[in-house]
Amino acid sequence: MTGIELEAALTAFPRSRLCDFATPVHRLPRLERKLNTCPLYIKRDDLNGVGSGGNKVRPLEYLLGEAQAQGCDVVIASGQENSNLCSIAASACCRLGLKCILVHNNDQPRALRATSCSTSSPAWRSTMWAPSRKRNAMSMWRS
């Protein structure tokens with residue numbers, strides 16, 4: 001499947017645009033020399049402009065697009081206290097005007113640290129801890 005065919009296929013799905021630009025690809029010549037290898041490149045998804053960025057933003061465009069298409073106004077994101085999915089989902093929901101509830105599936109910390117989410121932050125509307133070994137998850141519903 002070509003890039004054009006893939007783009008055409010993806011238009012069938014609802015999407016909430018979170019990234020307005022293509023992130024750059026940088027060559028890593030010093031690492032190439034150190035490893036004595038062929039050209040190496042890195043895609044800079046950390047520069048996509050949503051929260052801490054990363055590769056979780058692009059799938060969220062489709063998950064949150066589906067939520068909005070279904071009329072949902074609340075999203076639940078689940079993961080460990082330091083979950084990138086949770087922090088990026090909260091940031092994306094805030095940008096789209098959706099309420100985001102974070103459920104951390106590890107024990108509640110005795111004190112919030114700089115790397116923990118703060119319930120006073122506007123991006124995190126609600127945070128709770130529910131100890132579990134389950135992986136990250138997302139749900140959405142209409143309130």
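Is strand β4 (residues 99-104) largely enclosed or exposed, and how many of its six residues are buried? Five of the six are buried, so β4 is largely enclosed by the rest of the structure. Buried means under 20% relative accessible area, exposed over 50% and partly exposed in between, with a 1.4 Å probe and protein chains only.

## Basis of the model

This is a predicted model, in which local features need pLDDT of at least 70 and side-chain atom pairs count only at pLDDT 80 or more, while totals for chains, interfaces and linings use all residues. Residues are numbered from 1 along each chain as its sequence is written, and side-chain values use heavy atoms, with hydrogens and water left out.

## The chain as a whole

The protein chain holds four helices and six strands, in the sequence pattern α-β-α-β-α-β-α-β-β-β. Helices (H or I, at least four residues) and strands (E, at least two) are DSSP runs, numbered from the N terminus.

Of the chain's 143 residues, 33% count as buried. Among contacts with a separation of 6 or more, 70% come from residues 24 or more positions apart; contact means heavy atoms within 4.5 Å. The accessible surface is about 9200 Å², and 54% of this belongs to carbon and sulfur atoms. Such areas come from the Shrake-Rupley method with a 1.4 Å probe; for residues, only the protein chains shown count as cover.

## Strands β3 and β4

Strand β3 (residues 74-79) runs parallel to β4, and six bridges join the two. Strands pair if DSSP finds at least two bridges between them. Gly79 stands opposite His104 in β4.

From β3 the chain passes through helix α4 (residues 84-96) to β4, a right-handed β-α-β crossover. Right-handed means that, with the strands pointing away from the viewer, the path from the first strand over the helix to the second runs clockwise.

## Helix α3

Helix α3 (residues 57-69) has 13 residues and spans 18 Å from first C-alpha to last, close to the 18 Å expected at 1.5 Å a residue. The expected span is 1.5 Å times one less than the number of residues. Val57, Leu60, Glu61, Leu64, Gly65 and Ala67 are buried in α3. Seen down the axis, the buried residues of α3 fall within an arc of 160°, so they line one face of the helix. The arc is that of the directions from the helix axis to the C-beta atoms.

Just after α3, Gly71 has a positive phi of about 80°. Asn36 also has a positive phi, about 50°, although it is not a glycine. Most residues other than glycine have a negative phi. Asn36 lies in the loop between α2 (29-35) and β2 (41-43) and, at 72% relative accessibility, counts as exposed.
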